[in-house]
Amino acid sequence: MQFKSIFLAFALLACCPMAHAADLGVTVEKIHPGPGNIRVALYATPSSFRHEDQARQVATAPANAEQTVIWFKNIPPGRYAVLAYHDANNNKKLDLRLGMFPIEGWGLSNDPVVFGPPRFSASAFDVAEKGANIVVLLHY
């Protein structure tokens, strides 16, 4: 009986390769160096997109250069979207005027043209088993 269990386990591993986690490099460009941090949120689902508390991961870097690279480690292959912003006042949110117009620098993966709230599908990209590198341009 034990031999059958071991054989079954090896058979499952042979027919169904496991997905390897990879690294995602996000280069944020066109930063206006100054106070605060660059915050980069990685989203794995359309329903979580733009809700930082539901992001898969959030990373920060000082906003002291025109460009910075942020690494997300051990990301399973799949479809993701990124929202980055210059959190100049360090309140851990993208400040908006009238509740809809960003007043801090912001950017999305794929740099889509947006009218209204940005959509996950316009910013979505694939992370393969070997990883990925993307560029996000900030708009002020």
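Predicted model: local features only at pLDDT ≥ 70, side-chain atom pairs only at ≥ 80, totals over all residues.
Residues are numbered from 1 along each chain as its sequence is written, and side-chain values use heavy atoms, without hydrogens or water.

**Nonpolar cores**
- A nonpolar core here is a set of buried Ala, Val, Leu, Ile, Met, Phe, Trp, Tyr and Cys residues joined through side-chain atoms within 4.5 Å, where buried means under 20% relative accessible area (1.4 Å probe, protein chains only).
- The largest core has 23 residues, and Leu24, Val26, Val40 and Phe72 touch the most other members.
- Strand S1 (22–29) gives this core its largest share, 4 residues; strands are DSSP runs (E, at least two residues) numbered from the N terminus.
- Phe72 is in contact (heavy atoms within 4.5 Å) with residues including Leu24, Val26, Val40 and Leu42, leaving aside neighbours within four places in sequence.
- A second, separate core of 11 residues includes Ala55, Leu83, Tyr85 and Trp106.

**A buried loop residue**
- Ser48 lies in the loop between strand S2 (37–43) and strand S3 (57–62).
- Ser48 counts as buried because its relative accessibility is 5%.
- Not counting residues up to four places away in sequence, Ser48 touches Tyr43 and Gln54.

**An exposed loop residue**
- Leu98 sits in the loop between strand S6 (96–97) and strand S7 (101–102).
- With a relative accessible area of 69%, Leu98 is exposed, a term that means over 50%.
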